[in-house]
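Dear colleague,

Please find below the structure that I am handing over to you, together with its sequence. My notes on what was found in it follow directly after.

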There are 2 protein chains.
Amino acid sequence: MGDTRPDEVLPARNLEAIKSVRYFVVENLRSARRFLKSVDRNICIDDLNMVELNEHTPAADVEAMLDPLAAGHDIGVISEAGCPAVADPGADLVAAAQRRGYEVVPLVGPSSIIMSLMASGFNGQSFAFVGYLPVEASRRAAAMKTMQQEIRSRRRTQIFIETPYRNNRLIDELTRTLPGDMLLCVASDITGPQQQIVTLPLSQWRARTYDYNKRPTIFLLYS
Amino acid sequence: MGDTRPDEVLPARNLEAIKSVRYFVVENLRSARRFLKSVDRNICIDDLNMVELNEHTPAADVEAMLDPLAAGHDIGVISEAGCPAVADPGADLVAAAQRRGYEVVPLVGPSSIIMSLMASGFNGQSFAFVGYLPVEASRRAAAMKTMQQEIRSRRRTQIFIETPYRNNRLIDELTRTLPGDMLLCVASDITGPQQQIVTLPLSQWRARTYDYNKRPTIFLLYS
């Protein structure tokens, strides 16, 4: 789910699947309810069984969330933005389902990782998603150097994210730490009305005026 | 595009976009025509301008494919299966468009990389797509060891593919080369009627009967 209208970015198959499910594991109760209402305003939210799974959930609570499966019910997993279990909660739940031999069915949806890679012009035959870079200065610089090495030695596109209020600082750090001819793609507000995906050499990012402050953004490096 | 009905796996936004575009760069002319007809059988294929971009296309021909943009036309990029420019042709075309400052708009679609990762139960905060493993025996074994190291040292899920008639042999090689407690997810026929996504320790894969011969399959390792 995200801020974009569901039928704009989700196939009909997902919308049908959502309507047939009564048990949900969701990252946030309030916004999941709003999302389900936006899919179909006739959905009766009070009839649904919803539990939260996020960074505050004790690991010991995860297994029990699968109990409805034993009774023959399907479970839907909804994360806030992006795909469940990819840079989002849900992987532990899926791992437990796989261990018990339940069928797991992924649904098509917008992945900022894949969409930014498609639009970057970078190598899609080999790439790594790194998540967040370390915050501490020396480890952060080391992580940037490691990415540079992987691009050089393995032609591997590097994809990473940042806390949105630090986006501008990250771009500035990249331009000061890495070679000016390395290419940086900044992909912002993917699928949203302000979508902007721009690939430029770091030397041009350094000379450019930009403001990605607090905008959901994903970063890609290649040369 | 793939064998599944378009409205099952593509959002309405894509189908509208397709109908508004007159210039296409496609991996294969014949199947792209069939795909467009399946989206809307009223589309008049003869009115469309289509050029092929695939492994047989000389690199020097790619830039000229952008010419319609200069005349104010949009260009649609269609690949055979999976997302354009991700483990598929198109990245060079997108790179040229980015160099000239054109807007690039990725569309939501099924990515076997992301969908298999979602359903594997493996780490989605850090992962690498490696493409094909080398064919030559010693380089192939070395590539498997490198994946093992990245899982150990960086907790990074490893994702890779194989020529479909070699799928069974690859699973056998993995069970003989890597530790029995390492987890292998085999994700086959994603979004199709035979979809099957199974995560098991390599020791169990070794003891198991399976046949993925000639089925489109993607492989993931983690521990």
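I begin in strand β5 of chain A, where A:Thr157 is the bridge partner of A:Phe127. Helices (H or I, at least four residues) and strands (E, at least two) are DSSP runs, numbered from the N terminus. Two strands pair if DSSP finds at least two bridges between them.

Please note that this is a predicted model, in which local features need pLDDT of at least 70 and side-chain atom pairs count only at pLDDT 80 or more, whereas totals for chains, interfaces and linings use all residues. Residues are numbered from 1 along each chain as its sequence is written, chains are lettered from A and ligands numbered from 1 in the order in which they are written, and side-chain values use heavy atoms, with hydrogens and water left out.

The sheet across both chains

Strand β4 of chain A and strand β5 (residues 157-161) of chain A are parallel and joined over five bridges. Together with helix α7 (residues 137-154) of chain A, β4(A) and β5(A) form a right-handed β-α-β unit; right-handed means that, with the strands pointing away from the viewer, the path from the first strand over the helix to the second runs clockwise. Five of the six residues of β4(A) (residues 127-132) are buried, so this strand is largely enclosed by the rest of the structure. Buried means under 20% relative accessible area, with a 1.4 Å probe and protein chains only.

Where do the two chains meet in this sheet? β4(A) runs antiparallel to β4(B), and three bridges join them; A:Ala128 stands opposite B:Ala128 there.

How the copies are related

Chain A can be laid on chain B with an RMSD of 0.0 Å by a turn of 180° and a shift of 0.0 Å along the axis, the superposition being by least squares on the C-alpha atoms of residues with pLDDT of at least 70 in both. That is the relation of a two-fold axis.

The three-stranded sheet of chain B

Chain B also has an open sheet of three strands, ordered β2-β1-β3, with parallel pairing. β2 (49-52) and β3 (75-78) of chain B are at the edges with a single partner strand each, so one side of each is left without a neighbour in the sheet. Strand β1 (residues 23-26) of chain B is joined to β2(B) over four bridges, and B:Val26 stands opposite B:Glu52.

The loop between β6 and β7 of chain B

B:Asp189 lies in this loop and has a positive phi of about 55° although it is not a glycine. B:Asp189 is buried, at a relative accessible area of 17%. B:Thr191 belongs to the loop between β6 and β7 of chain B; its phi, near 70°, is also positive in a residue other than glycine, and B:Thr191 is buried at 9%.

Yours sincerely

Key. Buried < 20%, exposed > 50% of the residue type's maximum accessible area, 1.4 Å probe, protein only.
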